[in-house]
Amino acid sequence: MSDDLNLKISQFMDNELEHTDALQLLTSLNTQPELQHKLNRYAAISHALKSQVYLEVKTGFSENIAQHIQQEPVPDLEQPVSFKQTYHWLALAVSLAIIAFVVEQSFNSQLFIPTATMQMAQNWLPEHSDLNKQISLYLQEHSSDADAHHEADVKPYAKVTAYNQK
Amino acid sequence: MINQPRNSEQLDEELVSRVQQGDKAAFDFLVIKYQHKIIQLVNRYVKDPSEAQDVAQEAFIKAYRALGDFRGEAAFYTWLYRIAINTAKNYLISRTRRHSDYQLDIQEVETMGNAPQLQGMDTPEQLLLNEEIMTTLNKAIEDLPEEMRIAFKLREFEGSSYEEIALAMGCPIGTIRSRLFRAREAIDKQLTPLLE
């Protein structure tokens, strides 16, 4: 075992080894048990000075874990969702909801309430004109709402189709 | 306690990223790097060196399984430290349930990490050996040449960086690096007969 490697172990223990050197040393430590033994001894000395207990890592500690890890699946990395991404999706969802609400409201008020349209027409046109009467009659006959209530004065569809001929 | 120099954190970030991409060998590096700290931390709770190694092993395996969720918001060692403490506490609770006629509550477990560690040396032989090692260790430090001893003490007891020691002792960083290495080698040589 070279002094150069032991010097690097000493530096590594003190977190004073450069990144690339540390990676190289870890590779050597992983393949050479005697180097790991040296690191364990240095670490045990350092710890004993602080705790008054000499505790050395058992030989084969890291190898046991490595063997265990080999049987484990690779950790499932959950994709981090950033706040920005979440915000975009939320904004899109809110926009769609608003659009859907507005469209529904306009359909309800303009297309699916014929009685309302009929009343509007009656209010706006002059009350006694012939045209007013004709339109009012036409609208009453075409009102599905009125049909549904079987009102007495509602004309059947055949009569309405004959209206133009008159 | 969890202060890690930037160098060390960058290395951890790279290794964690490699593990998350499927490189299992990178996790071996993380184990080698932190095995001593984690075993010693766990031993503060478990107070049995042999059990501490088993619990530490379990903590590392738990950490590996959870690495997919690790986002790097805290330093890797801080995250690993929490896993190790929780594993040690869970172990203590389950051990107490198995072997004791009294229930250990969570507050007792919390305070165990602060208790003196010598309680873990539960046989007279272990106690005697530890005492002998500590006497030899202290003597080995006192036997070091003065410049080596000062550098070693500044590093081990004050936690000074190489740069700080170099400034304090008025010599290049390379000299400090060499002095610290030689000090460790000298101490290790004196301990070897006791440990083998």
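The model is predicted; local features need pLDDT of at least 70, side-chain atom pairs count only at pLDDT 80 or more, and totals for chains, interfaces and linings use all residues. Residues are numbered from 1 along each chain as its sequence is written, while chains are lettered from A and ligands numbered from 1 in the order in which they are written. The predictor gives the complex an ipTM of 0.84 and a pTM of 0.69. Chain B has an average pLDDT of 88, and 85% of its residues score at least 70. Here pLDDT is the predictor's confidence in each residue, from 0 to 100.

Chain B contains nine helices and zero strands. Its pattern along the sequence is α-α-α-α-α-α-α-α-α. Helices (H or I, at least four residues) and strands (E, at least two) are DSSP runs, numbered from the N terminus. Of the 196 residues of chain B, 32% are buried. A residue is buried if 20 or more other C-beta atoms lie within 10 Å of its own, exposed if 12 or fewer, and partly exposed in between; C-beta atoms are placed from the backbone. Contacts in chain B were also sorted by sequence separation. Among those between residues at least 6 apart, 59% join residues at least 24 apart. Two residues are in contact if their C-beta atoms, placed from the backbone, lie within 7 Å.

The largest nonpolar core has 65 residues, and Ile38(B), Val42(B) and Ala56(B) touch the most other members. α2(B) supplies the largest share of this core, 12 residues. Such a core is a set of buried Ala, Val, Leu, Ile, Met, Phe, Trp, Tyr and Cys residues joined through C-beta atoms within 7 Å. Ala56(B) touches Ile38(B), Ile39(B), Val42(B) and Ala84(B), not counting residues up to four places away in sequence. Ala56(B) is among the buried residues of α3(B), which also include Pro49(B), Phe60(B) and Tyr64(B).

α2(B) is largely enclosed by the rest of the structure, because 18 of its 23 residues are buried. This helix bends by about 55° at Tyr34(B). The bend is the angle between axes fitted to the seven residues ending there and the seven starting there. The end C-alpha atoms of α2(B) are only 29 Å apart, short of the 33 Å that a straight helix would reach at 1.5 Å a residue. The expected span is 1.5 Å times one less than the number of residues. Lys47(B), which follows α2(B), has a positive phi, near 55°.

Between the chains, 48 residues of chain B are in contact with 44 residues of chain A. The largest share of the chain B side, 12 residues, comes from α2(B). By class, this side has 21 nonpolar, 15 polar and 12 charged residues. Ala, Val, Leu, Ile, Met, Phe, Trp, Tyr, Cys and Pro count as nonpolar, Asp, Glu, Lys and Arg as charged, and the others, Gly among them, as polar.

In chain A, Asn15(A) lies in the loop between α1 (3-13) and α2. Its phi is positive, near 55°. Asn15(A) counts as partly exposed because it has 18 C-beta neighbours inside 10 Å. Gln52(A) lies in the loop between α3 (33-51) and α4 (61-70). Phi of Gln52(A) is positive, near 65°.
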